[in-house]
Amino acid sequence: MKYLKLIRFPNLLILAAGMYLLRLMVVEPLLIMSHHAPVVSDFHFLLMVLSTVFIAAGGYIINDIEDVETDLINKPSKVIIGNSISKDAAWNIYLLITFTGICIGFYLTLIEKIRYVAYIEMVAAGILYFYSTTYKRMILIGNILVAALSAFSIALVYLVEPEAASIVPLKILASAYVAFAFVVSFAREIIKDIQDIKGDKESGCNTLPVVAGVGISKILVFCLVLLVLVALIGVQISSHQWDARISFIYVVLFIQIPLLLLLVSVVIASDEADFARCSFLTKTIMITGILSMPVFYYSF
């Protein structure tokens, strides 16, 4: 159980589910409708997902290794490294799973000729390492990089298919999910920084809440969430989404109303518990966004 907590197993399941749903409910159907067979086999796609999950798990571990002192201030009861798992053991696990993830990526690209996987996984592993050691202490840089990696894990499903870029509906849908993942992840990263402001101050991290204050950080989160909400409304109006009743109701109930609740929650949040609830709500919106794929698939 302690090892599952170390690698944030539920988050990895969400990542894998998002990749599989995009492939099965968006990429494959639209490729087949356009008379193109998917290039990536089911087995190779499984390897690609495993590679991405291993890299992400390694990122969680190295982040915990570098954050022990900060976490002892912000959330002492949840610190694993140094308590139930030694720092040396954590380093060994990090090196093993990150190396495995990179090797799988190189196998897929160099041997199986599946483009981009090796390079994206290698860059992702590097960014996650330097994020934990350097970038997270720089204002907004770490937030943007983590959000970009969340988006790229989704984009990879689309990018590995050579014919995907030639199919306009597929390009639009994939881009929409990538943009959603980036903006919502970006907002959540800032919310988490607000939660951790006390420990970040003491450890010298120049996060946005530390440098610019909680008020400015809340305004940025509010603007990001509002951007997603307005974009969804714009898409609904331009596509007459209400004609597809099931998907329309789903989006309103499980994405747009939670976004409105998040806007209100961010405005009234004043302490760590409030921002923890905002973070949980943001994660819930990410999950309902992912689950919209089968809803759209089965309602059309």
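Mentor: Start with accessibility: buried means under 20% relative accessible area, exposed over 50%, and partly exposed in between, with a 1.4 Å probe and protein chains only. This is a predicted model, where local features need pLDDT of at least 70, side-chain atom pairs count only at pLDDT 80 or more, and totals for chains, interfaces and linings use all residues. Residues are numbered from 1 along each chain as its sequence is written, and side-chain values use heavy atoms, with hydrogens and water left out.

Trainee: Is His240 buried, exposed or partly exposed?

Mentor: His240 has 42% relative accessibility, so it counts as partly exposed. His240 sits in the loop between α11 (214-239) and α12 (245-268). Helices here are DSSP runs (H or I, at least four residues), numbered from the N terminus.

Trainee: What should I look for in backbone angles?

Mentor: Most residues other than glycine have a negative phi. His240 is not a glycine, yet its phi is positive, about 50°. Lys113 also has a positive phi, near 65°. Lys113 lies in the loop between α5 and α6. With 64% relative accessibility, Lys113 counts as exposed.

Trainee: How do I describe two packed helices?

Mentor: Two packed helices are described by the angle between their axes and the distance between the axes. Axes are lines fitted to C-alpha atoms over the stretch in contact, and angles run from 0 to 180 degrees between N-to-C directions. Helix α6 (residues 117-133) and helix α7 (residues 141-159) pack at about 165°, with axes 11 Å apart. They are therefore roughly antiparallel (angles over 145 degrees).

Trainee: Which residues of α6 and α7 meet?

Mentor: Contact means heavy atoms within 4.5 Å. From α6 come Val117, Ile120, Glu121, Ala124, Ile127, Leu128 and Tyr131; from α7, Gly142, Leu145, Val146, Leu149, Phe152, Leu156 and Leu159. By class, these are twelve nonpolar, one polar and one charged. Ala, Val, Leu, Ile, Met, Phe, Trp, Tyr, Cys and Pro count as nonpolar, Asp, Glu, Lys and Arg as charged, and the others, Gly among them, as polar.

Trainee: Where is Glu161?

Mentor: Glu161 is in the loop between α7 and α8. Its relative accessibility is 2%, so Glu161 counts as buried. Beyond residues up to four places away in sequence, Glu161 touches Arg23, Val27, Leu31, Pro38, Val39, Val40 and Arg115. Glu161 and Tyr94 are 67 residues apart in sequence and 30 Å apart in space, C-alpha to C-alpha.

Key. Helices (H or I, at least four residues) and strands (E, at least two) are DSSP runs, numbered from the N terminus. Angles under 35 degrees count as roughly parallel, over 145 as roughly antiparallel, 65 to 115 as roughly perpendicular and the rest as oblique.
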